[in-house]
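Reader: I have a chain to look at and a few questions about it. Can we go through them one by one?

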Amino acid sequence: MEIVKSSRHGKVIGSFGENIICNWLSRSGFEVIIVDHTGLDIIAYNPLTEKRLGITVKSRTRILRLEEDSVNIFSYRKGKNDRKKLLDACKAFACEPWIAIYVETSKFADIYLTSLNHYDTKYRGKIERAIDAWKMKNKYKEMYREDVDVKHIRIDFQEVNWF
């Protein structure tokens with residue numbers, strides 16, 4: 001099925017991404033809440049480890065032939081510093097900074113969750129860029145699959161009776 005985005009799809013997919021991340025964390029034993037704070041979307045507390053995660057969520061819908069486009073995580077363009085916003089929010093709420101990515105195509109969706117520290121160490125690279133991105137080419141998806149510090153869920157879509 002071809003994806004045709006509505007005029008409010010950006011808002012819809014953003015909210016959906018936050019909610020599906022909360023769902024999977026909740027069913028994994030975390031206490032979770034969606035927060036409306038600059039740089040921070042979810043606070044998740046694991047009562048077993050007593051760790052509190054401050055999570056920024058990036059959600060995207062990829063149309064045909066753009067499925068491997070990277071997902072922008074942090075922008076530093078035009079004086080922005082999205083990374084600093086997450087770090088400041090995590091400091092204010094005593095959280096460890098994490099990133100979550102929800103990317104859907106017409107056939108499946110992938111959810112990724114990892115600490116900012118792990119992303120920086122293994123995937124960010126040393127060169128300063130205007131954008132930090134989560135790469136979605138097959139080579140990177142295979143790396144994520146093999147990385148125990150990148151939590152990953154794949155959801156396959158099967159249309160049974162839809163428009």
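Reader: Among contacts between residues at least 6 apart in sequence, what share join residues at least 24 apart?

Author: Note that this is a predicted model. Take the contacts between residues at least 6 apart in sequence. The share of them that joins residues at least 24 apart is 62%.

Reader: How many helices and strands are there, and what pattern do they follow?

Author: The chain has 4 helices and 8 strands. Read along the sequence, the pattern is α-β-β-β-β-α-β-β-α-β-α-β.

Reader: What is the radius of gyration, and what does the globule rule give?

Author: For 163 residues, the globule rule gives 15 Å. The chain's value is close to that, so the chain is as compact as a globular protein of that length. Its radius of gyration is 16 Å.

Reader: Is His 118 buried or exposed?

Author: His 118 sits in helix 3, residues 116–124. Buried means under 20% relative accessible area. His 118 has 14% relative accessibility, so it counts as buried.

Reader: Which residues does His 118 contact, leaving aside neighbours within four places in sequence?

Author: Contact means heavy atoms within 4.5 Å. With those neighbours set aside, His 118 touches Tyr 123, Asp 147, Asp 149 and Val 150.

Technical notes. Residues are numbered from 1 along each chain as its sequence is written. This is a predicted model: local features need pLDDT of at least 70, side-chain atom pairs count only at pLDDT 80 or more; totals for chains, interfaces and linings use all residues. Side-chain values use heavy atoms; hydrogens and water are left out. Helices (H or I, at least four residues) and strands (E, at least two) are DSSP runs, numbered from the N terminus. Buried means under 20% relative accessible area, exposed over 50%, partly exposed in between (1.4 Å probe, protein chains only). The radius of gyration is taken over C-alpha atoms; the globule rule is 2.2 Å times the number of residues to the power 0.38.
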